[in-house]
Amino acid sequence: VCFILSAGSDEPQTPRRMEPNTLEPTAQDNLRVSITRRDWLLQEKQQLQKEVEALQARMSVLEAKDHQLRREIEAQEQLLPWQGCDLTPLMGRLSLGELQEVSKAVHDTLVLANQIPLRAEPPETIRRYW
């Protein structure tokens, strides 16, 4: 209980109780706000950690897929070593008549390639040793 002294007097007047200002937060209110804020921050941190873990898992999947695709690309490049050649500059120098000749030659080659019989058995020289 606080006593209010009147100005110029050393004697206490009627005792009045001082009410805390309802607009100012109390220490207990501040503590409650701090705990609530801390809980929210912890939840936010946990959520972020879950998202990071999900992203790390996704990154692992993508890295594995990237590695697999690189292996497949390398295998394809070994099968088709000419694949990396760029014929565009060469074709750009050919006249229309020359391009038509190249087109006809490629067409004829494909037709002949389809007519070549494929043998499913080894050649005679290898069969002799069986």
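## Exercise 1: Confidence and layout

Helix H1 (residues 27-79) has the highest mean pLDDT among the elements of the chain, at 90, while helix H4 (residues 124-127) has the lowest, at 69. Here pLDDT is the predictor's confidence in each residue, from 0 to 100.

A word on the ground rules: this is a predicted model, so local features need pLDDT of at least 70 and side-chain atom pairs count only at pLDDT 80 or more, whereas totals for chains, interfaces and linings use all residues. Residues are numbered from 1 along each chain as its sequence is written, and side-chain values use heavy atoms, with hydrogens and water left out.

**Task.** Work out what the mean pLDDT of the chain is, and how many helices and strands the chain has.

**Solution.** 
1. The mean pLDDT of the chain is 78, and 70% of its residues reach 70 or more.
2. Counting elements gives four helices and zero strands; helices (H or I, at least four residues) and strands (E, at least two) are DSSP runs, numbered from the N terminus.
3. Read from the N terminus on, the order is α-α-α-α.

## Exercise 2: Surface

**Task.** Find what share of the 130 residues counts as buried, and which helix gives the most to the nonpolar patch.

**Solution.** 
1. Start with the cut-offs: buried means under 20% relative accessible area, exposed over 50%, and partly exposed in between (1.4 Å probe, protein chains only).
2. With those, 0% of the 130 residues count as buried.
3. The chain's accessible surface comes to about 12900 Å², and 58% of that belongs to carbon and sulfur atoms. Areas come from the Shrake-Rupley method with a 1.4 Å probe; for residues, only the protein chains shown count as cover.
4. Now the patch: Leu87, Leu90, Met91, Leu99, Val102, Val106 and Leu110 form it on the surface, with about 580 Å² of accessible area together. Patches are made of residues with over 30% relative accessible area and no salt bridge, joining like charges within 9 Å and nonpolar side chains (Val, Leu, Ile, Met, Phe, Trp, Tyr) within 5 Å.
5. Helices H2 (88-93) and H3 (96-115) each supply at least two patch residues, and H3 gives the most, with four.

## Exercise 3: Salt bridges

**Task.** Say how many salt bridges the structure holds, then find what separates Lys104 and Asp108 along helix H3.

**Solution.** 
1. The test is a side-chain nitrogen of Lys or Arg within 4 Å of a carboxyl oxygen of Asp or Glu. The structure holds four such bridges.
2. Lys104 pairs with Asp108, with the closest N and O atoms 3.0 Å apart. They're four residues apart in H3, so about one helical turn separates them. Lys104 is exposed at 53% relative accessibility, and Asp108 is partly exposed at 33%.
3. In H1, Arg70 and Asp66 also lie four residues apart, about one turn of the helix, and their side chains meet in a salt bridge (2.8 Å, N to O). Arg70 is exposed at 52%; Asp66 is partly exposed at 36%.
4. Asp39 bridges to Arg38, the closest N and O atoms being 4.0 Å apart. Arg38 counts as exposed because its relative accessibility is 52%, while Asp39, at 36%, counts as partly exposed.
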